[in-house]
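Morning, everyone. Let me put the model up, and then we'll go through a few spots in it.

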Amino acid sequence: MTARIMEADCLFCKIVAGSIPADVVTETERVIGFRDIDPQAPVHVLVVPKEHYGDVAQVAAADPALLAEVITVADQIAGSLADGQFRLIFNSGPHAGQSVFHVHAHVLAGAKLGWSPA
Ligand code: 5GP
Ligand code: ZN
């Protein structure tokens, strides 16, 4: 599975391109982090590769260094916006809650988090 630079009608490709606004908290050459529009924790940031991959397994297979960069950026966000502790979630597939099919890590931080995924 190779990445596409941009997928038509992909919400997060449009945020990467700047055609839909987002509250960007950090950016590298290959990754962008912006606040979730419906936050589930005091800090809820989505970390997204700028290239289009559908889900986390596709990035892991095609470009492990890019996936590692997503995790490093998540750690940096938790360190700058919270106390450095964080939960990282990749929903993969509709039954797991994935609604945007451009891979994104949810970074949740800033509070003692509960655990009720079902
Ligand atoms: P998923 O359900 O695919 O794991 O996560 C998608 C996330 O994107 C959801 O948490 C949702 O609140 C967020 N989201 C949906 N539309 C927008 C948007 O237009 N802007 C931002 N910043 N987040 C969005
Ligand atoms: Zn996309």
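Is C13 buried or exposed? C13 is buried, because its relative accessibility is 3%. Buried here is under 20% relative accessible area, exposed is over 50%, and partly exposed is in between, with a 1.4 Å probe and protein chains only.

Quick ground rules. This is a predicted model: local features need pLDDT of at least 70, side-chain atom pairs count only at pLDDT 80 or more, and totals for chains, interfaces and linings use all residues. Residues are numbered from 1 along each chain as its sequence is written, chains are lettered from A and ligands numbered from 1 in the order in which they are written, and side-chain values use heavy atoms, leaving out hydrogens and water.

The structure holds 0 disulfides (cysteine sulfur atoms within 2.5 Å).

Next, aromatics. There is 1 aromatic pair (ring centres of Phe, Tyr or Trp, its six-membered ring, within 6.5 Å; planes under 30 degrees apart are stacked, over 60 edge-to-face, the rest tilted). F12 and F34 make that pair, edge-to-face, 5.3 Å centre to centre and 75° between the planes. The pair links distant parts of the chain: F12 sits in helix 1 (residues 11-17), F34 in strand 2 (residues 31-35), 22 residues apart. Those are DSSP runs numbered from the N terminus: helices H or I, at least four residues; strands E, at least two. F12 is buried at 5% relative accessibility, and F34 at 3%.

Last stop, D36. D36 lies in the loop between strand 2 and strand 3 (43-49). Which residues does D36 touch? H44, V45, L46 and H106, not counting residues up to four places away in sequence; contact means heavy atoms within 4.5 Å.
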